[in-house]
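The following note is intended for a colleague meeting this protein for the first time.

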Amino acid sequence: MACKHMWTPNRRTFLKTLSAATLGVATAGDTFAATAESPALSELRVRLKPAQDPLMQRTFAILGERIAQRCPARVVQVEDAPDVLLAVDATLPKDAFRIDREGGTVRVAGGSPLGVLHGAGQFLRTSHFAEA
């Protein structure tokens with residue numbers, strides 16, 4: 001059985017993430033599918049940048065655990081062609097995050113690994129998983 005994943009920021013989500021210094025930055029008004037080609041999802045491919053950081057690894061583990069509670073899709077770490085990119089972006093404030101789309105990939109970027117963790121939490125809170 002596969003599942004479908006959608007991330008849709010709503011007004012409440014946007015207002016929560018409006019303050020970049022405290023909660024992060026998100027783009028309002030867009031809907032992101034976990035994969036561009038197929039709405040059915042049996043495997044969610046996640047890339048970490050930097051991959052070796054312990055907090056990034058923990059964020060990946062939390063993401064996998066929470067998604068496994070919601071649907072049967074497997075979460076796997078990959079180096080190329082990810083569905084979700086968890087990345088540190090030095091242009092953001094340290095604890096801030098941004099969730100947006102880069103091509104067919106949902107990008108959760110943070111100013112530090114802690115910012116990525118906050119962004120992954122927001123991503124999970126605003127994601128919807130349902131049987132495809």
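1. Helices (H or I, at least four residues) and strands (E, at least two) are DSSP runs, numbered from the N terminus. On that basis the protein has three helices and nine strands, and from the N terminus on its elements follow the order β-α-β-β-β-α-β-β-β-β-α-β.

2. The model is predicted: local features need pLDDT of at least 70, side-chain atom pairs count only at pLDDT 80 or more, and totals for chains, interfaces and linings use all residues. Residues are numbered from 1 along each chain as its sequence is written, and side-chain values use heavy atoms, with hydrogens and water left out.

3. Buried means under 20% relative accessible area, exposed over 50%, and partly exposed in between (1.4 Å probe, protein chains only). Of the protein's 132 residues, 45% count as buried. Contact means heavy atoms within 4.5 Å; among contacts between residues at least 6 apart in sequence, 60% join residues at least 24 apart.

4. Two packed helices are described by the angle between their axes and the distance between the axes. Here the axes (lines fitted to C-alpha atoms over the stretch in contact, with angles from 0 to 180 degrees between N-to-C directions) of α2 (residues 54-70) and α3 (residues 113-125) come within 9 Å and cross at roughly 10°. Helix α2 is therefore roughly parallel to α3, a term for angles under 35 degrees.

5. The α2 side of this contact includes Leu-55, Met-56, Ile-62 and Arg-66, and these meet a set in α3 that includes Pro-113, Val-116, Ala-120 and Phe-123. Among the residues of the contact of α2 with α3, 12 are nonpolar (Ala, Val, Leu, Ile, Met, Phe, Trp, Tyr, Cys and Pro), one is polar (the others, Gly among them) and two are charged (Asp, Glu, Lys and Arg).

6. Buried residues of α3 include Gly-115, Val-116, Gly-119 and Phe-123.

7. Phe-60 is found in helix α2 and counts as buried because its relative accessibility is 15%. Leaving aside residues up to four places away in sequence, Phe-60 touches Val-46, Leu-48, Val-75, Val-76, Gln-77 and Leu-86. Phe-60 and Val-76 are 16 residues apart in sequence and 9.0 Å apart in space, C-alpha to C-alpha.

8. Most residues other than glycine have a negative phi, and most peptide bonds are trans. A cis peptide bond, with omega about 5°, joins Lys-49 and Pro-50; Pro-50 lies in the loop between β4 (43-49) and α2. Ala-81 has a positive phi, near 55°, and is placed in the loop between β5 (74-77) and β6 (84-88).

Conventions
Angles under 35 degrees count as roughly parallel, over 145 as roughly antiparallel, 65 to 115 as roughly perpendicular and the rest as oblique.
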